[in-house]
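Please keep the sequence and the 3D view open while you go through them.

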Amino acid sequence: MRETLVLNASFEPLATVSLRRAVVLVMQDKAVVEQAHPGLRIRAAAVDVPVPRVIRLSRYVRVPFRRQAAWSRRGVLVRDQHRCAYCGRRATTVDHIVPRSRGGGDSWLNTVASCVEDNHRKADRTPEQAGMRLLTRPFEPTPADALVAALAGSVREELPEWLGLPA
């Protein structure tokens, strides 16, 4: 099922929703289509709506202040673009810089994407103890950046440039 990016009335990213939910919001005049899939339309007896990629809410929704994006393994892999922080190959696991057994927790600044081989090689040690060097430093993405980065790669590439997306 296609993902649709939902923008607030102020054009800030809020969430992603299913295609079905996006069409319902548009049909109820709660949102407008900002960008549609070219050539794709949803047709019924009295309905002809473009298939939305990005919708914008008609009314501003006040969102509680989110200081930080929620940590997740998938989020770390997406943040690091599925590249191992130690060798640069394709990453499929998440490695804790300071191992959990030594007090390291699940946080954006303590985890990096890693390939299985480097994760096993580092084992229950810090990178310095294992003689391994990080190619990239972990960082904490903003909630909006984490939301847009979580979109599937093909969907993210098709979004308009005016959104000012992170690279």
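**Notes on the chain and its open sheet**

1. Please bear in mind throughout that this is a predicted model.

2. Turning from the surface to the interior, 38% of the 167 residues of the chain count as buried. If you take the contacts between residues at least 6 apart in sequence, 58% of them join residues at least 24 apart.

3. In what order do the four strands of the open sheet lie? The order is 2-1-4-3, and the pairing in this sheet is mixed. Strand 2 (13-18) and strand 3 (31-43) are the edge strands, each of which pairs on one side only. On average, neighbouring strands of this sheet are turned by 35 degrees against each other, with direction ignored.

4. Within the sheet, look next at strand 1 (residues 3-7), which runs antiparallel to strand 2 and is joined to strand 2 by five bridges. To find this pairing in the 3D view, you could begin with Glu3, which stands opposite Ser18 in strand 2.

5. Finally, which strands does helix 1 (residues 19-27) lie across? Helix 1 lies across strand 1, strand 2, strand 3 and strand 4 (48-57), and it runs at about 90 degrees to strand 4.

How values were computed:
Residues are numbered from 1 along each chain as its sequence is written. This is a predicted model: local features need pLDDT of at least 70, side-chain atom pairs count only at pLDDT 80 or more; totals for chains, interfaces and linings use all residues. Side-chain values use heavy atoms; hydrogens and water are left out. Buried means under 20% relative accessible area, exposed over 50%, partly exposed in between (1.4 Å probe, protein chains only). Contact means heavy atoms within 4.5 Å. Two strands pair if DSSP finds at least two bridges between them. Helices (H or I, at least four residues) and strands (E, at least two) are DSSP runs, numbered from the N terminus. Axes are lines fitted to C-alpha atoms, for helices over the stretch in contact, and angles run from 0 to 180 degrees between N-to-C directions.
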